[in-house]
Amino acid sequence: MQTVLIVEDEPAIVAAVRERLEREGFAVLAAASGEAALNALAEARPDLLLVDVGLPGIDGFELLRRVRARGLDMPVIILTARGDEIDRVVGLELGADDYVVKPFSVRELAARVRALLRRAAGVASLRAQVAAAQGEAPPAPAGLMIDPARRRVTIGDAPLELRPREFDLLALLARHPGQVFSREALLRQVWGHEGYLDARTVDVHIRRLRARLAAIDPAAAELLQTEWGVGYRLAERSP
Ligand code: CA
C-alpha cells in the first residue's frame with residue numbers, strides 16, 4: 001500500500017482528500033503544519049507529499065526546501081490557494097512535481113497522485129536498470145526485482161507468487177533498503193488504519209514471506225532481516 005502525507009491546516013480539505021485517497025487504496029497521513037510534517041517525516045517515509053503553500057509557521061515552500069535538503073526525493077504536489085502563477089513557478093523551482101489550484105476536485109487530485117506515483121515507479125526501475133548496466137549495485141537487493149505497477153516479483157528469472165499483503169510488505173521494505181520498520185509502522189503502512197490487528201500479524205506475514213523467498217533462493221530469504229526488539233528490514237545485499 002502506498003502512503004500519502006497531506007500537509008494542510010484546513011480540516012475540511014484534509015477530510016475530503018483523505019476520504020478519496022483511502023477509497024482508492026492509499027494510506028493517508030496528515031499534518032496540520034510544516035513542523036508537524038517534518039516530525040512525521042522523521043518516522044515515516046510516505047511515497048508522496050501534498051503540501052499546502054499557506055501553512056501556519058513555516059510555509060509550504062520552506063517545508064519543501066527542507067524536505068529536499070534532507071535528501072527526500074518523493075514526488076510532491078503543492079496545493080496553492082491563490083492560483084498565483086508566481087506560487088506555481090516558485091513551487092516547481094523548489095522541487096515540487098506538480099500543483100493544484102484551490103478549490104480543486106479531489107478526483108482530479110487523486111488522478112494526479114496516481115500519475116506521479118506511476119512515473120516515480122518508472123524512474124526507480126529505470127535507475128536500477130541503468131545502475132545494473134553500469135555495473136553498480138542497484139538500489140533494490142541484487143537479484144530481487146519488484147515491479148510495483150504489475151505487482152510482480154522475480155528472483156533471478158523465477159517469479160515469486162505472493163498474497164497481496166505479502167507483496168505490499170515486501171514492496172514497502174524494498175523501497176527503503178536497510179531501513180528498519182517497527183511492526184506498528186508496518187501495520188499502519190501496509191494494513192492501514194482500519195481493523196485492530198495484532199503486531200503478530202506482521203510476524204506471520206514476514207515468516208511466510210521468508211519461506212516463499214527461501215523456496216526459490218535461500219540467500220534472498222536472508223535479505224529479510226529481523227532487528228530484535230525493533231522490527232524488520234530488507235538488507236541492501238546478502239550478509
Ligand atoms: Ca492553508
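**Briefing on a predicted protein model**

Pro103 is found in the loop that runs between β5 (98-101) and α5 (106-133). The structure described here is a predicted model. The protein has 239 residues, of which 43% count as buried, and its secondary structure comes to 9 helices and 11 strands.

**Confidence and overall contacts**

- The mean pLDDT of the protein is 83, and 85% of its residues reach 70 or more.
- The stretch of residues 135-140 has a pLDDT below 50, and in the model this stretch makes 7 contacts beyond near neighbours in sequence.
- Among the contacts in the protein with a separation of 6 or more, 58% are between residues 24 or more positions apart.

**The cis peptide bond**

- Lys102 and Pro103 are joined by a cis peptide bond, with omega at about -5°.
- As background, most peptide bonds are trans.

**The calcium site**

- Three residues supply the protein donors of the calcium ion: Asp9 (OD), Asp52 (OD) and Gly54 (O), at 2.2 to 2.4 Å from the ion.
- Along the chain, the donors of the calcium ion follow the spacing D-x42-D-x1-G.
- Asp9 and Asp52 link distant parts of the chain, being 43 residues apart: Asp9 belongs to the loop between β1 (3-7) and α1 (11-23), and Asp52 to strand β3 (residues 48-52).
- Asp9 has a relative accessibility of 33% and therefore counts as partly exposed.
- Asp52 has a relative accessible area of 3%, so it is buried, because the cut-off for buried is under 20%.

**The pair of helices α7 and α8**

- Helix α7 (residues 183-191) and helix α8 (residues 200-216) have axes that come within 9 Å and cross at roughly 80°.
- An angle of 65 to 115 degrees counts as roughly perpendicular, and α7 and α8 are therefore roughly perpendicular to each other.
- On the α7 side, the contact is made by Arg183, Leu186, Leu187 and Trp191; on the α8 side, it is made by Arg200, Thr201, Val202, Asp203 and His205.
- By type, the residues of the contact of α7 with α8 comprise 4 nonpolar, 2 polar and 3 charged.

**Val4, a buried residue**

- Val4 is placed in strand β1.
- The relative accessibility of Val4 is 0%, so Val4 counts as buried.
- When neighbours within four places in sequence are left aside, Val4 is in contact with Leu21, Phe26, Ala27, Val28, Leu29, Pro46, Leu48, Leu50 and Val113.
- One of these residues, Leu48, is 44 residues from Val4 along the chain, and the C-alpha atoms of the two are separated by 5.0 Å.

**Arg66, a partly exposed residue**

- Arg66 is part of helix α3 (residues 60-69).
- With a relative accessible area of 36%, Arg66 is partly exposed, because this category lies between the cut-offs of 20% and 50%.
- Not counting residues up to four places away in sequence, Arg66 touches Leu38 and Ile58.
- Arg66 and Leu94 are 28 residues apart along the chain, and their C-alpha atoms are separated by 9.9 Å.

How values were computed:
Residues are numbered from 1 along each chain as its sequence is written. This is a predicted model: local features need pLDDT of at least 70, side-chain atom pairs count only at pLDDT 80 or more; totals for chains, interfaces and linings use all residues. Side-chain values use heavy atoms; hydrogens and water are left out. Donors are N, O and S atoms within 2.8 Å of the metal (3.2 Å for Na, K and Ca); water is not among the atoms, so sites may look incomplete. Helices (H or I, at least four residues) and strands (E, at least two) are DSSP runs, numbered from the N terminus. Buried means under 20% relative accessible area, exposed over 50%, partly exposed in between (1.4 Å probe, protein chains only). Axes are lines fitted to C-alpha atoms, for helices over the stretch in contact, and angles run from 0 to 180 degrees between N-to-C directions. Angles under 35 degrees count as roughly parallel, over 145 as roughly antiparallel, 65 to 115 as roughly perpendicular and the rest as oblique. Contact means heavy atoms within 4.5 Å. Ala, Val, Leu, Ile, Met, Phe, Trp, Tyr, Cys and Pro count as nonpolar, Asp, Glu, Lys and Arg as charged, and the others, Gly among them, as polar. pLDDT is the predictor's confidence in each residue, from 0 to 100.
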